[in-house]
Amino acid sequence: MIQSDITSVPDLIAALERDHAGYNGAIWFRGHARKTWKLAPGYLRLDSPPSESTLLKRFKQSAAMLLDRDPKDSFDWLFLMQHYGLPTRLLDWSESPLVALYFAVEDHDKHLGEDAALWCLRPCDLNKKANIQDDHEEFFIPSFDDQELGNYSLESLANGPKRTRLLPIATIATRNNPRIQAQLGVFTIHHLDEVAIEEIGDASHVIKYTIPESKRMPILNQLRLLGFSKFTMFPELASIGENIKRGLL
């Protein structure tokens with residue numbers, strides 16, 4: 001796994017040009033406020049969690065009456081749970097390195113003394129390690145509607161053999177809300193295997209850039225100059241208020 005430090009937005013661009021030269025596949029990005037955090041979804045980080053089915057039932061109990069449309073399947077419910085902060089087997093990524101960089105540095109005041117991290121993922125390389133590839137499409141990435149995802153559904157995990165543990169895979173979903181569109185969101189999804197994504201095989205599918213704590217605020221200021229803000233990431237009323245308050249303080 002390639003690892004290096006970045007100290008500015010231009011530094012990130014130079015690193016991406018250097019480390020991905022000649023690679024024509026998709027590259028996804030994820031920002032971590034602490035460099036020590038692993039690439040594991042929220043559900044797998046829980047101690048003795050309830051079953052995923054139980055979480056879904058509890059969420060449905062109160063959420064159903066508030067929805068303006070009926071989720072079409074359990075994956076749709078999973079997206080909703082992820083969207084509203086419940087732990088799931090999904091891990092959010094972005095197709096934009098600057099979006100991920102924003103999330104890595106935005107809460108600098110809550111992580112004093114901590115270096116941040118920006119992760120790069122080659123989703124097709126991850127999927128090849130899970131034996132998902134298309135002989136006719138070199139950089140194939142399945143969607144949640146494809147058959148490959150059937151084994152990762154809540155129903156399959158609840159009813160299937162517990163001895164079958166598949167590796168996490170990268171997948172795309174319909175961007176059906178403003179937040180996921182603004183963030184250019186994509187996903188990885190875990191099966192029953194609790195391995196962190198950077199611990200799979202030789203880790204050649206990921207790159208880790210460390211952001212020194214002293215550079216978090218300067219990078220955030222650079223991103224603000226480029227138009228990145230709470231509202232661009234979360235195009236919701238609450239974000240407008242937060243942006244205005246920041247300008248007044």
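The axes themselves are lines fitted to C-alpha atoms, for helices over the stretch in contact, and the angles run from 0 to 180 degrees between N-to-C directions. The structure described here is a predicted model, in which local features need pLDDT of at least 70 and side-chain atom pairs count only at pLDDT 80 or more, whereas totals for chains, interfaces and linings use all residues. Residues are numbered from 1 along each chain as its sequence is written, and side-chain values use heavy atoms, with hydrogens and water left out.

Helices and strands were taken as DSSP runs numbered from the N terminus, a helix being H or I over at least four residues and a strand being E over at least two. Helix α1 (residues 9-19) packs with α4 at an angle of about 130°, the two axes being 12 Å apart, and α1 and α4 are therefore oblique to each other. The crossing of α1 and α4 is right-handed; a crossing is given this name if the near helix is turned clockwise from the far one by less than a right angle, and is called left-handed if the turn is anticlockwise. Contact, which means heavy atoms within 4.5 Å, brings V9, L12 and L16 of α1 together with P97, L98 and L101 of α4.

A second pair of helices is formed by α2 and α3 (residues 74-83), whose axes come within 11 Å and cross at roughly 80°, so that α2 and α3 are roughly perpendicular to each other. From α2, the residues E52, L55, L56, F59, K60 and A63 meet W77, L78, L80 and M81 in α3.

Helix α4 also holds V99, which is buried with a relative accessible area of 4%; buried means under 20% relative accessible area, exposed means over 50%, and partly exposed lies in between, for a 1.4 Å probe and protein chains only. When residues up to four places away in sequence are not counted, V99 touches S94, A182, Q183, F228 and M233. One of these residues, A182, is 83 residues from V99 in sequence, yet the two are 9.0 Å apart in space, C-alpha to C-alpha.

Charged side chains were examined next. Side chains of opposite charge can pair when their charged atoms come close. With a salt bridge defined as a side-chain nitrogen of Lys or Arg within 4 Å of a carboxyl oxygen of Asp or Glu, the count comes to 7 salt bridges. In one of them R34 pairs with E114, the closest N and O atoms being 3.5 Å apart; because R34 lies in the loop between β2 (28-32) and α2 (52-63) and E114 in the loop between α4 (97-105) and β4 (116-121), the pair ties together parts that are 80 residues apart in sequence. R34 is partly exposed at 27% relative accessible area, and E114 is partly exposed at 25%.

The side chains of K35 and D115 likewise meet in a salt bridge, at 3.5 Å from N to O. K35 lies in the loop between β2 and α2 and D115 in the loop between α4 and β4, so this pair, too, ties together parts that are 80 residues apart in sequence. Both partners count as partly exposed, K35 at 32% relative accessibility and D115 at 22%.

A further salt bridge joins K129 to D202, with the closest N and O atoms 2.7 Å apart. This pair links distant parts of the chain, K129 being in helix α5 (residues 123-129) and D202 in the loop between β6 (185-189) and β7 (206-211), 73 residues apart. K129 counts as partly exposed at 26% relative accessibility, whereas D202 counts as exposed at 54%.

A search of the whole structure for disulfides, each being a pair of cysteine sulfur atoms within 2.5 Å, finds 0. C120 is in no disulfide, and the nearest cysteine sulfur, that of C124, is 15 Å away, which is too far for a bond. C120 is buried at a relative accessible area of 1%, and C124 counts as buried at 2%.

Two residues that are not glycines were found to have a positive phi, namely L184 at about 50° and A203 at about 60°. L184 lies in the loop between α7 (178-182) and β6 and is partly exposed, with a relative accessible area of 29%. A203, by contrast, is placed in the loop between β6 and β7 and counts as buried at 5% relative accessibility.

Conventions. Angles under 35 degrees count as roughly parallel, over 145 as roughly antiparallel, 65 to 115 as roughly perpendicular and the rest as oblique.
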